[in-house]
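Hello,

Here is the structure I promised to pass on to you. Have a look at it, and then read on for what turned up.

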Amino acid sequence: MAGKLSKLALKPVNVGLGLAAGAVAGFLFKEAWKVVSGDDDAPDAGDPDRGWTEILAAAALQGAIFAVVKAAVHRGSAIGTQKLTGTWPD
């Protein structure tokens with residue numbers, strides 16, 4: 001019962017962390033794209049003025065950044081949960 005209760009109590013925290021992680025990842029991607037391409041705006045897949053290489057490179061960079069941020073937040077959340085509750089989350 002205590003495990004289910006702590007899961008329920010931590011759900012809003014995890015949702016908030018997920019939203020914050022998405023915002024951080026989006027910011028990091030925009031900054032990384034500026035450095036990599038010298039362009040302030042990342043290409044949109046529907047933009048007819050952008051080529052395949054540029055669009056796919058931007059998508060790969062964005063995916064990598066989002067995956068790393070997601071993993072870091074998930075791991076940090078699990079460690080925080082363990083410190084708070086004494087058990088590793090499922």
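A word on burial to begin with: a residue is called buried when its relative accessible area is under 20%, exposed when it is over 50%, and partly exposed in between, using a 1.4 Å probe and protein chains only. Please keep in mind that this is a predicted model, in which local features need pLDDT of at least 70 and side-chain atom pairs count only at pLDDT 80 or more, while totals for chains, interfaces and linings use all residues. Residues are numbered from 1 along each chain as its sequence is written, and side-chain values use heavy atoms, with hydrogens and water left out.

Let me start with the aromatic residues. Phe29 and Trp33 are both buried. The structure holds one aromatic pair, and its rings, those of Phe29 and Trp33, have centres 6.4 Å apart and planes at 35°, so the pair counts as tilted. For rings of Phe, Tyr and Trp (the six-membered ring of Trp), pairing asks for centres within 6.5 Å; planes under 30 degrees apart are stacked, over 60 edge-to-face, and the rest tilted. Phe29 and Trp33 are about one helical turn from each other because they sit four residues apart in helix α1. Helices here are DSSP runs (H or I, at least four residues), as strands are (E, at least two), numbered from the N terminus.

Next come the charged side chains. How many salt bridges are there? The count is four, taking a salt bridge as a side-chain nitrogen of Lys or Arg within 4 Å of a carboxyl oxygen of Asp or Glu. In one of them, Asp39 meets Arg50 at 3.2 Å, N to O. Both residues lie in the loop between α1 (2-37) and α2 (52-85), eleven residues apart. Arg50 also forms a salt bridge with Asp47, where the closest N and O atoms are 3.6 Å apart, and another with Glu54, at 2.8 Å. Through shared partners, Asp39, Asp47, Arg50 and Glu54 are joined into one network. Asp39 is partly exposed, at a relative accessible area of 27%; Asp47 is partly exposed too, at 24%, and so is Glu54, at 26%.

Finally, a look at Thr81, which lies in helix α2. Is Thr81 buried or exposed? With 11% relative accessibility, Thr81 counts as buried. Leaving aside neighbours within four places in sequence, Thr81 is in contact (heavy atoms within 4.5 Å) with Leu10, Gly86, Thr87 and Pro89.
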